[in-house]
Amino acid sequence: MVTLVIQAGGESRRMGRNKALVSFLGRPLVQHVIERLRPLADEVLITTNQPAGLESLSVPLVADVFPGQGALGGLYTAVWAAKYPVVAVVACDMPFASLDLLQFQIDVLVQQNQDVVIPGSEEGWEPLHCVYRKPTCLPQIKAALVQGQKRLISWFPNVNVRYLQGNEVRRYDPLGIAFRNINTPEELQQAEVLARKLA
């Protein structure tokens with residue numbers, strides 16, 4: 001049983017408005033991401049401190065448990081709110097997030113008894129295209145918050161982490177676009193052009 005959590009808690013400074021609600025191919029970006037990944041999950045949630053405009057999506061909205069704690073606080077909220085022990089966490093501004101790659105991550109987590117399965121690229125590790133085991137991860141994330149940690153992966157040394165890279169990632173993301181995120185109106189336009197080509 002899997003919970004999918006879409007993180008919509010960023011400040012969207014460079015976009016100039018709530019990224020979750022910008023129009024992508026005619027519908028809110030966050031709705032596009034949910035529809036793309038919904039087949040993975042038995043439960044779907046959105047974490048956000050800006051619920052205005054998101055209520056119409058008919059998806060439960062969850063505010064930060066520890067407000068003002070940045071991305072790590074948002075990750076804690078995502079894992080805490082999940083009903084199920086396997087939690088897939090994805091950023092709301094990743095229109096090409098990979099259903100197939102996330103399913104592979106879930107399979108690895110379950111079959112290899114891992115606590116975190118995180119993919120990587122030349123840009124680094126991707127904690128917001130990641131799968132977490134709630135019972136083992138939640139206390140470690142909380143401990144990191146109590147210690148004043150800010151980095152999303154600061155607590156990884158305390159759990160079993162499976163790192164995916166190279167061919168394992170390319171098998172499910174051959175175009176190398178799964179982790180592409182949208183921060184500016186220009187990037188939004190470019191992503192829409194690419195999405196139309198791939199449709």
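A residue is called buried under 20% relative accessible area, exposed over 50% and partly exposed in between, using a 1.4 Å probe and protein chains only. By that rule, Asn 113 is exposed, at 54% relative accessibility. The model is predicted, so local features need pLDDT of at least 70 and side-chain atom pairs count only at pLDDT 80 or more, while totals for chains, interfaces and linings use all residues. Numbering runs from 1 along each chain as its sequence is written, and side-chain values use heavy atoms, leaving out hydrogens and water.

**Loop residues with positive phi**

- Asn 113 sits in the loop between α3 (99-111) and β7 (116-121); helices (H or I, at least four residues) and strands (E, at least two) are DSSP runs, numbered from the N terminus.
- Asn 113 is not a glycine, yet its phi is positive, at about 55°.
- Ser 58, also a residue other than glycine, has a positive phi near 55°.
- Ser 58 belongs to the loop between β4 (43-47) and β5 (61-62), and is exposed with a relative accessible area of 69%.

**A buried loop residue**

- Thr 184 lies in the loop between α5 (167-170) and α6 (185-198).
- Thr 184 counts as buried, at 15% relative accessibility.

**Helix α1**

- Helix α1 (residues 29-37) has as its buried residues Leu 29, Val 30, His 32, Val 33, Ile 34 and Leu 37.
- These buried residues pack against β1 (2-7), β2 (23-24), β3 (27-28), β4, β6 (86-91) and α3, where contact means heavy atoms within 4.5 Å.
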